[in-house]
Amino acid sequence: LIQLFAFMLLISTLDNSCSGVLIVFEKFTLISVYVIASAGLRFIFVAAILLSGFGIKGVLLGYIIAALLSSTAVILFSLRTIKRAVWFPGIAGGMLLLKDRWREIAAFLININFNEAITLVSKNIDVLILGYFRAPAEVGFYRLAKNFTEMLSLLSNSVYTAIYPQFSRLWADKRKEEFKALIKRITIFMGGITLPLTIGLVLVIPWMIRIFVGEIFLPVASLVKIMVWGITVAVVSLWVRPVFLSMGRPGVLTIINMCNALILIIFSLIFVPRFGYFASAIIYTYPYIAGHLSATFIAWRLLKRR
């Protein structure tokens, strides 16, 4: 099953790069159509396969077919966007025109990919460590708490998509004061939306647990009340990643994420065997709070330089 699922990941290799092209050229309507259509395709194929009586392999096959169609579409969309924006008759030279910046480009790509690998580890290692040391029921409670908590992160996805081109443009034009003003505006805006929702979730989560999954899962409510504050800090500080990428400083993100992942693993190995999912819930908030606060401090130090 893992090998079959990995084939879908191979198909989707270029999705993020192509989506990045559409974001840079502000093709937000096209991005919306692509995202909605992709989700619709997955639902249709998986539902049809399940109704036909196929098992889990059939479901994965449905995912693969949907991924193939959506990946082909986004590649074509991005190529058409590039052609219309930067390809003109008489222009030649290709990548050789950028040979003086190949080292810079390579360093950027390596940092981005390494950073994503670290993020992948830090987002999943907590469940693996908890599952190794504690009972499966605790893993189920903790995983469900993560699902409820990470609903808040949906608030930041569309905003992140919209602000990255703006930060890149302002930094490239050396409009530093507007760059800093945009950071402040986004922080205030996201804080005004997220904090009331966080408080509301803390108050109603026991009721939500009873309604949607049943009384037996009430321990999940206590975990959510802890974990939600980490996601809140991440959503309010969602500008951190696009700011460092726009400034050409992906290495800062890599170092911060490496330190956070290492500390998360060490703390988990020390405290989870004894305290179980409550320790996992507290440790879960660490990378979000410590990482974003340290990134904020570094960003402002960099912006104060001439």
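**Note on the salt bridges of this model**

1. Aspartate 173 has a relative accessible area of 43% and is therefore partly exposed; this class lies between buried, under 20% relative accessible area, and exposed, over 50% (1.4 Å probe, protein chains only). The side chain of aspartate 173 meets that of arginine 175 in a salt bridge at 3.3 Å, N to O. Arginine 175, at 33% relative accessibility, also counts as partly exposed. Asp173 and Arg175 are linked with Glu178 in a network of salt bridges.

2. The structure is a predicted model, in which local features need pLDDT of at least 70 and side-chain atom pairs count only at pLDDT 80 or more, while totals for chains, interfaces and linings use all residues. Residues are numbered from 1 along each chain as its sequence is written, and side-chain values use heavy atoms, with hydrogens and water left out.

3. Nine salt bridges (a side-chain nitrogen of Lys or Arg within 4 Å of a carboxyl oxygen of Asp or Glu) are found in a search of the whole structure. One of them joins arginine 241 and glutamate 116 at 2.9 Å, N to O. Because arginine 241 lies in helix H10 (residues 240-246) and glutamate 116 in helix H5 (residues 102-133), this pair ties together parts 125 residues apart in sequence. Helices here are DSSP runs (H or I, at least four residues), numbered from the N terminus. Arginine 241 is partly exposed at 25% relative accessibility, and glutamate 116 is partly exposed at 39%.

4. Glutamate 138 and arginine 134 form a further salt bridge through their side chains, at 3.0 Å, N to O. Glutamate 138 counts as buried, at 16% relative accessibility, whereas arginine 134, at 26%, counts as partly exposed.

Note on methods: Helices (H or I, at least four residues) and strands (E, at least two) are DSSP runs, numbered from the N terminus.
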